[in-house]
Amino acid sequence: MSILELKGLTQRFGGLIAVNDVDLSVEAGEIVGLIGPNGAGKTTVVNLITGVFKPSSGTVTFKGRRLDGLKPYQISRMGVARTYQVVQPFPEMSVLENVMAPAIFAAGASSKAEAMRAADEAIDFLGLKDLRDTLASELTLAERKRLELAKSLAMKPEVLLLDEVNAGLNPAEIEIALEMIRAIAARGVTIILIEHLMKVVMSLCSRIVVLHHGAKIAEGKPDEITKNEKVIQAYLGNRYAKANAAEKPNV
Amino acid sequence: MKRPVIALIAFAIIACLPLLGDNYLLRLGTMFAMYAVLAQSWNIIGGYAGYPSFATAAFFGLGAYTGAILQGFGWPMPLAWVAAGLLAAVFAGAMGSAILHLKGHYFAIASLVLAEVLLEVTTSWTSLTGGGMGLNLPIIRMSIAAQARLFFWSMLGLAVLTFLMSWYVSAGRIGFALRCIRQNEDASSMVGINTTRYKVVAFVMSSLFVGAAGALYASWVFYIEPPDVYSVMTTIRPIVMTMLGGAGTLLGPVIGSAIFLVIEEVVWRNFLSVHAAVLGILIVGLIFYLPNGIVGAVARRFRKRGAENGET
């Protein structure tokens, strides 16, 4: 049974259809990539799954339970976590306190000590141990992104939605981030990855979904997506298409 | 753990004030206790949760009139105070659910309107409240000195209760949730915090003892009228006192109310005709140079020294 299922998901903002009749079914343990040009509706899909918006129509089902109509805090308590495109730490709190918040409120730690243990575990896992007592406002962007991951991990999620966790990072930092995402997936967390960097999507995802103007236009394995004419021309750009063709002349 | 205990000892020492036998000091002491109730209460919604509430006068006035009216019906004084606090809390709960989804300036204005509406209702409902004529409270059969002591101790007791509530908030889950909400409300709901519930709880907590203090004030001064108890200054003072001492800290509002009271008295004595202007300039200056309040500035210095934990 799929762990997360979207059926006919549609979101209208006035006359604009941001997400149009999207169906998606995610199996437990998968890493699914969600790609598409700017304004394709990727972040809106994340907002619909996490309860920031209530869908105009369609349903979101998580382990057989409907999520649409629930509030973000309820959904996060059920085990669906997200990171934000623009990082959202609590700036006046230390890294530890930042990670303790989800451990207490989303994962339901019964005591402060237990929350601290869970937070420390997530902090260690993401290599933030040395920054444990640093204020979040004093972290670099790469560190803040890792803090976001630590926060979402402390929620003990079953499904994790990563909204452009690599945006703004340099290649070396991206390599580290990739390792961390793989490590999180290895813990059995199902991941939906929104990403602009094709390299990242191709190397991580077992399946890719392409959105354009709010609608799903393609879905398949990474190599199928790269071969898909429509996707290459419309979303990866002609230059990528040519480069791709030059690399593999038989395609 | 130490600092709250020191504060409780300080309250105990202040409670000995009647021993000095100076009625002026006793009056100041009662004022201090009342300010401490208002400031600490505001600190919960304004300081911890970061919601700029301008509703203090609404809770205070509602409490004052509730207490006065119930005492007029022959209720014993303490019972009237308790009822006033509870009614203010119920009012805050109902209003909070309606206006707490507003943020920043919008919330500030909505909360400001609460006092204005109550002022109008109180003024027009002449049969119950006496309208613009005001309301006299029953005379207590007690010597003047004994009354002064009674109201001083009662108000101080209320201040201690408010302090205990603040302590409970700052040390626990509620305070943690409210601090998260202040810093980033969207992220708060995403880490599992029921933001609406915590905001309403904070708003209710910021009203309970203010309502009781209003009733106590009414009993203390024997006569209330709408512009007095719904005065904008009742709303502004606690905000200034809290910011002066340190918003979102446990001791800040208490320290702030003491300092504010001293400043107010000194300015009042020396600049009788222009005291409001001088006080205003002082406030602007203090907030400009001490944006985190006295407690905030001290905590920052400690933090720089490497002594971690800005919890105050």
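A residue counts as buried when its relative accessible area is under 20%. By that cut-off B:G130 is buried, because its relative accessible area is 18%. The structure described here is a predicted model. B:G130 sits in the loop between α6 and β1 (135–136) of chain B. Beyond its neighbours within four places in sequence, B:G130 is in contact with B:W125 and B:L135. Its separation from B:T162 is 32 residues in sequence. In space, the two C-alpha atoms are 31 Å apart.

Helix α5 of chain B covers residues 104–124. The helix has 21 residues and reaches 31 Å from its first C-alpha to its last. This span is close to the 30 Å expected at 1.5 Å a residue. Several of its residues are buried, including B:F107, B:A108, B:A110, B:S111 and B:L114. B:A115, B:L118, B:L119 and B:T122 of α5(B) are buried as well. The buried residues of α5(B) pack against other helices of chain B, among them α3 (56–72), α4 (77–99) and α10 (195–221). They also pack against α6 (126–129) and α11 (226–229) of chain B.

The interface between the two chains was examined next. In it, 21 residues of chain B are in contact with 27 residues of chain A. Together the chains bury about 2,000 Å² between them. Carbon and sulfur atoms account for 64% of this area. Three residues, B:F176, B:Q183 and B:M190, supply 35% of the area that chain B buries against chain A.

Chain B and chain A share 8 residue pairs in polar contact, with both residues at pLDDT 80 or more. Helices α8 (173–183) and α9 of chain B each supply at least two residues of the side that touches chain A. The largest share, 7 residues, comes from α8(B). By class, this side of chain B has 9 nonpolar, 6 polar and 6 charged residues. The rule finds 1 salt bridge across the interface. It joins the side chains of B:R182 and A:E92, at 3.1 Å from N to O.

B:S188 belongs to helix α9 (residues 185–190) of chain B. This serine counts as buried, because its relative accessibility is 0%. A polar atom of the B:S188 side chain lies 3.0 Å from the backbone oxygen of B:C180.

Side chains of opposite charge can pair when their charged atoms come close. Over all chains, a search of the whole structure finds 15 salt bridges. One of these is formed by the side chains of A:E121 and A:R187, at 3.6 Å from N to O. A:E121 lies in helix α4 (residues 112–125) of chain A, and A:R187 lies in the loop between α6 (171–186) and β8 (190–194), so the pair ties together parts that are 66 residues apart in sequence. Both partners are partly exposed: A:E121 has a relative accessibility of 42%, and A:R187 has 39%.

A:K151 forms a salt bridge with A:E148, and their closest N and O atoms are 3.6 Å apart. Both residues lie in helix α5 (residues 141–154) of chain A. They are 3 residues apart, about one turn of the helix. A:K151 is buried, with a relative accessible area of 4%. A:E148 also counts as buried, at 6% relative accessibility.

In chain B, the side chains of B:E264 and B:R237 meet in a salt bridge of 2.8 Å, N to O. This pair links distant parts of the chain, 27 residues apart. B:E264 is in helix α13 (residues 252–270), and B:R237 is in helix α12 (residues 232–245). B:E264 counts as buried, at 10% relative accessibility. Chain A also holds a network of salt bridges, which links A:E30, A:R207, A:K216 and A:E219.

Methods:
Residues numbered from 1 in each chain as written. Chains lettered and ligands numbered in written order. Predicted model: local features only at pLDDT ≥ 70, side-chain atom pairs only at ≥ 80, totals over all residues. Heavy atoms only, no water. Helix = DSSP H or I, 4+ residues; strand = E, 2+ residues; numbered from the N terminus. Buried < 20%, exposed > 50% of the residue type's maximum accessible area, 1.4 Å probe, protein only. Polar contact = N/O pair within 3.5 Å; in protein donor to acceptor, adjacent residues only side chain to side chain. Contact = heavy atoms within 4.5 Å. Buried area = accessible area lost by both parts, 1.4 Å probe. Salt bridge = Lys/Arg side-chain N within 4 Å of Asp/Glu carboxyl O. Nonpolar A, V, L, I, M, F, W, Y, C, P; charged D, E, K, R; others polar. Expected span 1.5 Å × (residues − 1).
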